[in-house]
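Here are my notes for you to read alongside the model.

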Amino acid sequence: MADRRKIGTKDKWKEKTWYTIVAPSFLGEREIALSPAADPSLMIGRKVEVPVSDFTGNFRKSSTMVIFRVKECTGKRCTTEFIGHKVSDDTIRRMVRRRKERIDIIMPSKTKDGYRLVIKIVLVSDSKLTANKRGEVRSKIIGFINERCGSMTLPELAQYIIGDNVYNDIVDTLKDVYPIKKIEIRKSEVLGRDGYVEEPGAQTQIEAQ
């Protein structure tokens with residue numbers, strides 16, 4: 001006797017379509033992932049993490065991920081927006097060793113085109129700092145980041161953060177306060193944009209193909 005449970009059963013995978021996900025235009029709109037969905041509306045809001053090295057060719061940054069979110073689908077092609085980046089915990093742990101001092105800075109900022117962000121920075125000094133010196137370091141970093149964010153659009157800031165120049169600029173900013181060489185912008189997160197209401201989307205995370 002035939003198994004009645006199998007009669008009329010549909011293969012849900014066969015009902016799904018594969019969609020091509022591309023990076024934002026400021027990163028060349030290159031293909032970064034493929035993902036299946038039963039309907040293009042289900043792709044909206046999905047997140048994709050891609051190694052920075054895929055865009056910069058700097059494989060020393062392969063543990064740093066750029067995070068995108070699908071915002072629109074046309075046919076089988078889905079465009080994305082930059083919503084932040086993150087550095088792996090292992091990379092941060094390797095930075096901090098015994099007899100070193102870790103300074104964490106978590107700060108809000110805003111780009112010149114109205115995007116609000118939270119930026120998290122970690123610095124490691126070769127020796128313990130006095131409270132005054134630590135305060136000077138924090139003040140310099142916060143002032144520097146706010147100045148750069150306020151002078152850049154979100155696409156410009158994203159390219160700056162995932163590039164190498166930001167680290168050289170921070171070192172240069174701190175040279176008259178304390179010569180800190182180990183610096184990492186460990187995370188950035190776009191919270192929203194002034195004058196815009198962000199629609200909640202799906203939170204499915206997709207690995208880059």
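1. Glu-29 counts as partly exposed, at 38% relative accessibility; buried means under 20% relative accessible area, exposed over 50%, and partly exposed in between, using a 1.4 Å probe and protein chains only. The side chain of Glu-29 meets that of Arg-77 in a salt bridge, 3.6 Å from N to O. By salt bridge I mean a side-chain nitrogen of Lys or Arg within 4 Å of a carboxyl oxygen of Asp or Glu. This pair links distant parts of the chain: Arg-77 is in strand β5 (residues 77-87) and Glu-29 is in the loop between β1 (17-22) and β2 (31-37), 48 residues apart. Arg-77 is partly exposed too, with a relative accessible area of 36%.

2. Before going on, a word on the basis: this is a predicted model, in which local features need pLDDT of at least 70 and side-chain atom pairs count only at pLDDT 80 or more, while totals for chains, interfaces and linings use all residues. Residues are numbered from 1 along each chain as its sequence is written, and side-chain values use heavy atoms, with hydrogens and water left out.

3. How many salt bridges does the structure hold? There are 15, and another one of them joins Asp-126 to Lys-100, with the closest N and O atoms 3.6 Å apart. Here again distant parts of the chain are linked: Asp-126 sits in the loop between β7 and α3 (131-150), Lys-100 in the loop between α2 and β6, 26 residues apart. Asp-126 is exposed at 52% relative accessibility, whereas Lys-100 is partly exposed at 29%.

4. Please also look at Asp-104 and Arg-102, whose side chains form a salt bridge at 2.7 Å, N to O. Salt bridges with shared partners join Arg-102, Asp-104 and Arg-186 into one network. Asp-104 is partly exposed, with a relative accessible area of 26%, and Arg-102 is partly exposed at 39%.

5. Now the strands. Helices (H or I, at least four residues) and strands (E, at least two) are DSSP runs, numbered from the N terminus; two strands pair if DSSP finds at least two bridges between them. Strand β6 (residues 101-110) pairs with β7 in the antiparallel sense over ten bridges, and Glu-101 has Ser-125 in β7 as its bridge partner. The two strands form a hairpin with four residues between them, and Gly-114 in the turn has a positive phi of about 90°.

6. Strand β7 also pairs with strand β8 (residues 182-193), again antiparallel and over ten bridges. Is β7 mostly covered or mostly open? Strand β7 (residues 115-125) is mostly covered, with nine of its eleven residues buried.

7. Ser-35 lies in strand β2 and is buried at 4% relative accessibility. Its side chain makes a polar contact with the side chain of Arg-46 at 2.8 Å; such a contact is a pair of N or O atoms within 3.5 Å where, within protein, one must be able to donate a hydrogen and the other to accept it, and residues adjacent in sequence count only if both atoms are side-chain atoms.

8. Finally, Thr-91 belongs to helix α2 (residues 89-95) and is buried, with a relative accessible area of 14%. Leaving aside residues up to four places away in sequence, Thr-91 touches Ser-63 and Glu-184, contact meaning heavy atoms within 4.5 Å.
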